[in-house]
Amino acid sequence: MPHAPQIRVPATYMRGGTSKGVFFRLQDLPEAAQVPGEARDKLLLRVIGSPDPYAKQIDGMGGATSSTSKTVILSKSNSPDHDVDYLFGQVSIDKAFVDWSGNCGNLTAAVGAFAINNGLIDAARIPDDGHCTVRIWQANIAKTIVAHIPITDGAVQETGDFELDGVTFPAAEVAIEFMDPADGEGAMFPTGNVIDDLEVPGVGTLRATMINAGIPTVFVDADAIGYTGTELQPAINENAEQLAMFETIRAHAAVRMGLIDKVEEAANRQHTPKVAFVAPPAGYTASSGKQIAAGDIDLNVRALSMGKLHHAMMGTAAVAIGTAAAVPGTTVNLAAGGGERTSVHFGHPSGTLRVGAEAKQIDGQWSATKAIMSRSARVLMEGWVRVPGDTF
């Protein structure tokens, strides 16, 4: 029988923050995949190597973790006062499913560089030296992000001495501002409270902060679920019973946050909400062997992504952490010692991260103006990615 030859699609493989993914220009995708739908999802699944019952993604570009099973589609922006539209697809590893419900804050760090390198930014906007400000429309969540991309001799500067825990090698610093990061379609605290009692069958009643900022996230106290907040990946990811507990918490929080109607729907919304647990500062040894002292951080946070404990911290979850820390009385704020603050330095499995955020209360409702953090990004490979021609 005849076999369909492979087709090749222009693509760039990039690291952004502590994640990496395959980046495309919208105009370079096959025509059927230039619009949302089944063809696009099938293409991206095949590029990444999903669904893979072996959970290894050997036959694709994915790295078999939530941090490396990611895709990005960019185009010149249709939104006023923005340069580029950024659409993020979180590809499931073992299911035929692409989740479009949220952003990837880490890959955001690579969006500006890709846009400059691929002609999506007017040449007149790019200085010979300094920084190019790229205004990004995050299409998944309808939010503005501003990235400040270092430029040397008219080209993106990728190398530098900025160190980011969770990334082995230093690179150039990319400052990112997440503007008005709370959910524009609803309250920043969807239940109306900065802290709630969340009833979770088989677990108990947990004190929880449920927030829409950066990405919908539920924060619970570590000690309420038997943890210290200093755990590394093996302590959780090798325990199927504990992973099931976290998924149960996540599903019930999703219902309380109004993201789904029934807990059974959470299986088809893997990317959001995130579930995280917090604890007061305590020293620990990070996954790299680096010693983290209690006196160097404000609190410890551990977060799960796509059903597993993240090796560092998702960028969007860091926005949620910073924003929640800025609001007195949240579980995050209380773990950090309470009171008012405009930044927080937290520990995660790979080390530490500082994020700044501004929040204010207007007519009894909390809102966030922006969150700020620094990441880095680098092109790993560019050219074409190949997929069988009968993929879609």
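Mentor: Start with the lining of the largest pocket. By class, it has 8 nonpolar, 12 polar and 5 charged residues. Here Ala, Val, Leu, Ile, Met, Phe, Trp, Tyr, Cys and Pro count as nonpolar, Asp, Glu, Lys and Arg as charged, and the others, Gly among them, as polar. Remember that this model is predicted: local features need pLDDT of at least 70, side-chain atom pairs pLDDT 80 or more, while totals for chains, interfaces and linings use all residues. Numbering runs from 1 along each chain as its sequence is written, and side-chain values use heavy atoms, without hydrogens or water.

The lining comes to 25 residues. Ile93, Ser305, Met306, Gly307 and Lys308 lie nearest the pocket's centre. (Helices, H or I, have at least four residues and strands, E, at least two, as DSSP runs numbered from the N terminus.) A pocket is an open set of points on a 1 Å grid over the protein atoms alone, where a 1.4 Å probe fits, with protein on both sides within 12 Å along at least five of seven lines; lining residues have an atom within 4 Å of a point.

Now turn to the packing. The largest nonpolar core has 67 residues. Phe219 and Phe346 have the most contacts inside this core. Its largest share, 8 residues, comes from H2. Apart from this core lies another, of 22 residues, including Leu198 and Met245. A core joins buried Ala, Val, Leu, Ile, Met, Phe, Trp, Tyr and Cys through side-chain atoms within 4.5 Å.

Look at H2 itself. Of its 13 residues, 12 are buried, so the rest of the structure largely encloses H2. Buried means under 20% relative accessible area, exposed over 50%, partly exposed in between (1.4 Å probe, protein chains only). Among the buried ones are Leu107, Val111, Phe114 and Ile116. Just after H2, Gly119 takes a positive phi of about 75°.

Back to Phe219. Beyond its neighbours within four places in sequence, Phe219 contacts residues including Arg207, Ile211, Val278, Val301 and Val332. Contact means heavy atoms within 4.5 Å.

Finish with Asp28. It sits in the loop between strand E2 (19–25) and helix H1 (38–48). At 22% relative accessibility, Asp28 counts as partly exposed. Leaving out residues up to four places away in sequence, Asp28 touches Val9 and Pro10. Asp28 and Leu74 are 46 residues apart along the chain, with 10.0 Å between their C-alpha atoms.
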